[in-house]
Amino acid sequence: MAETLLDIKELSVRFFTYQGVVRALEKVDLTISKGEILGLVGETGCGKSVLARSILRLIADPPGKIWNGEIFFKGEDLLTTSNRRLRHVRGNEISMIFQEPMSSLNPVFRVGNQMQEVVMLHQRVESAEAREICIDMLNQVKMPDPEGVLTKYPHELSGGMRQRVMIAMELSCRPDLLIADEPTTALDVTVQAQVLTILEELTRQRGVSVLFISHDLGVIAQLCDRVAVMYAGRIVEVAPVRNLFSGPRHPYTQGLLKAIPRVDDERDTLSVIAGVVPGLIRPPEGCRFHPRCDAVMNACDRVVPRRVEVGLGHQVACHLYNDSSEKCDADTRH
Amino acid sequence: MLNSIKKEHEWQIREFLFTLRLLSKNPSAVAGFVIIATMVFIAVTAPYIAPYDPIKISLRERLSAPSIVHIFGTDEMGRDILSRVMHGARISLRIGVLVIAIAGGLGAVIGAVAGYLGKQADNIIMRVMDVILSFPPLVLAMALAAALGPNLNNAILAVAFVMIPKFARMVRGEALAVKEKQFIAAARASGAGSMWIILHHIIPNCFSSVIILSTLLLGETILIAASLSFIGLGAQPPTPEWGAMISVGRKFLMDQWWYPTFPGLFILVTVIGFNILGDALRDILDPRIRR
């Protein structure tokens with residue numbers, strides 16, 4: 001197995017609001033290897049974006065707080081490093097692409113100015129050279145008429161073009177890790193396919209690791225090497241992409257996959273997971289999925305299931321796969 | 001050579017022409033623009049187009065009524081009022097521009113820092129600004145100008161000080177809105193520090209409002225500066241400042257109406273001009289609504 005690039009250990013993030021403490025992330029463990037594309041799936045509000053932002057310490061404080069845990073990037077804990085060092089990591093070593101390409105560019109500057117600025121600052125080059133680099137990057141993301149695009153304002157570009165500009169901009173700094181927070185959600189399907197192809201091509205070519213966040217399982221299946229499934233602030237299953245789609249183990253993952261319509265489907269109605277996503281202020285005790293789970297058993301509403309290995313690189317946090325001694329283990333209670 | 005420059009700056013030229021075209025389609029903008037352009041023209045060319053030396057005394061012609069020789073009449077020392085008013089435009093506009101440059105620059109930075117940093121920094125900075133705002137601007141400017149000593153430069157500093165909170169307040173409000181935008185998060189994610197974000201993202205996004213507020217406040221600034229001169233805390237005689245001229249001329253209002261009237265009219269017209277222009281610029285300079 002390749003070298004580990006990012007190692008998140010027991011990360012908990014809480015938001016302190018007037019309604020109460022929102023436990024957005026509870027003891028999340030996740031690793032990303034060099035050159036790997038890791039997908040992170042989950043429903044809206046399950047904490048995917050919070051996880052992404054925590055890595056770069058971009059959680060607004062207040063109300064958010066990284067409660068405990070460690071995030072090792074190349075062996076260095078990003079949560080305790082100095083602000084100065086962190087600023088260097090941001091952009092140079094870890095870049096991030098956001099959900100809405102509409103508002104990721106500053107509306108009052110031309111695209112060229114913004115790109116050049118980033119390139120000049122991170123690579124310490126003169127403006128003429130930076131311009132060349134920008135044009136080259138725009139060519140690589142298959143932007144038609146790159147020179148023309150440089151002189152345009154963001155509002156003159158379409159969503160897909162803006163997202164490609166963002167990809168070009170973030171990759172121009174040659175990061176080791178790219179965090180893509182639902183980069184294609186706001187785009188229509190054909191543009192989405194283009195952007196994804198470009199993203200995959202460029203990151204594979206350069207050996208950039210990607211944390212790809214999405215709620216679209218189709219996209220994940222196509223793009224990623226490994227997948228982590230999140231539910232209500234916890235990671236419930238991690239597996240290589242093939243294993244996850246052919247043999248999901250966690251009842252939640254199984255439910256998710258059953259809810260996808262297929263061309264050869266003979267069902268009249270799609271199956272749904274009963275119930276709604278729990279609020280994170282007072283989440284269910286034990287396994288957070290148990291109120292909606294079909295396979296619920298005794299221990300589920302009391303004990304938090306440990307993550308266990310059920311196949312090569314396939315881990316799942318569910319009592320179905322924990323052996324009985326662990327179910328009664330008082331240490332894992334919350 | 002010329003061609004290459006022309007090509008390189010092609011869009012800037014296009015952009016400028018476009019702005020001019022938008023400007024010309026808006027009647028009040030044209031009115032305001034014409035007034036201000038005339039004032040600027042008078043101010044710049046005063047030494048060449050003024051018919052007389054503004055401080056040359058000619059006692060034989062003192063207090064003569066408007067005529068072909070002296071279109072606006074003369075004052076108690078026989079100085080030509082038209083020439084003095086023209087030179088006065090130089091002083092008033094210079095005061096206006098300097099005050100706004102100082103107040104706008106400082107105010108924008110202060111407001112953006114307060115808005116972006118938030119928390120305690122915001123609290124402390126804005127409470128100080130509130131204290132300044134709680135004084136009537138003219139009274140505070142008077143007190144400051146008096147304390148600093150009555151001359152033109154001190155008057156400029158005093159008026160600028162009074163104007164800072166107006167800019168700071170507005171920019172803070174804008175900064176609060178701008179800092180929630182995703183490009184700020186994106187900038188932070190690519191390693192930008194607070195100061196960089198304030199200077200490169202927050203302030204430029206507040207620019208159109210700052211320009212509009214500047215134009216609107218230029219009128220008020222000129223008025224306050226003239227008022228300071230009127231009570232003797234600004235420009236000193238024999239400087240042909242409008243406020244100072246009215247101050248001396250008010251004694252003659254009953255019998256020689258032209259003496260205080262013409263400087264007064266110039267103040268009126270200039271202030272109105274800036275106000276109209278400011279309003280019109282709001283519609284034109286915002287890149288998001290201009291097309």
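In what order do the elements of chain B run from the N terminus on? They run α-α-α-α-α-α-α-α-α-α-α, and the secondary structure of chain B comes to 11 helices and 0 strands. Helices (H or I, at least four residues) and strands (E, at least two) are DSSP runs, numbered from the N terminus.

This is a predicted model, in which local features need pLDDT of at least 70, side-chain atom pairs count only at pLDDT 80 or more, and totals for chains, interfaces and linings use all residues. Residues are numbered from 1 along each chain as its sequence is written, while chains are lettered from A and ligands numbered from 1 in the order in which they are written.

**Chain B.** The C-alpha trace of chain B spans about 75 × 50 × 35 Å along its principal axes. Of the 291 residues in chain B, 45% are buried (20 or more other C-beta atoms within 10 Å of the residue's own, with C-beta atoms placed from the backbone). Contacts are pairs of residues whose C-beta atoms, placed from the backbone, lie within 7 Å. Among contacts in chain B between residues at least 6 apart in sequence, 70% join residues at least 24 apart.

Helix 3 (residues 27–49) and helix 4 (residues 81–117) of chain B have axes that come within 8 Å and cross at roughly 105°. Axes are lines fitted to C-alpha atoms, for helices over the stretch in contact, and angles run from 0 to 180 degrees between N-to-C directions. Helix 3 and helix 4 of chain B are therefore roughly perpendicular to each other (65 to 115 degrees). Met39(B) and Ala46(B) are among the residues of helix 3 in this contact, and helix 4 contributes residues including His87(B) and Arg90(B).

**Chain A.** Domain bounds come from an automatic or database domain assignment, which divides chain A into domain 1 (4–93 + 177–266 + 304–317) and domain 2 (103–174). The C-alpha centres of these two domains of chain A lie 27 Å apart. In their contact, 12 residues of domain 1 of chain A meet 12 residues of domain 2 of chain A. Helix 7 of chain A supplies the largest share of the domain 1 side, 6 residues.

**Contact of the chains.** Chain A gives 23 residues and chain B 17 residues to the contact. Helix 2 of chain A supplies the largest share of the chain A side, 5 residues.

The table gives residue classes: Ala, Val, Leu, Ile, Met, Phe, Trp, Tyr, Cys and Pro count as nonpolar, Asp, Glu, Lys and Arg as charged, and the others, Gly among them, as polar.

| Group | Classes |
|---|---|
| Side of chain A that touches chain B | 11 nonpolar, 9 polar and 3 charged residues |
| Side of domain 1 of chain A that touches domain 2 of chain A | 9 nonpolar, 3 polar and no charged residues |
| Contact of helix 3 of chain B with helix 4 of chain B | 8 nonpolar, 1 polar and 1 charged residues |

Notes: Contact = placed C-beta atoms within 7 Å. Parallel < 35°, antiparallel > 145°, perpendicular 65-115°, else oblique. Buried ≥ 20, exposed ≤ 12 C-beta atoms within 10 Å, placed from the backbone.
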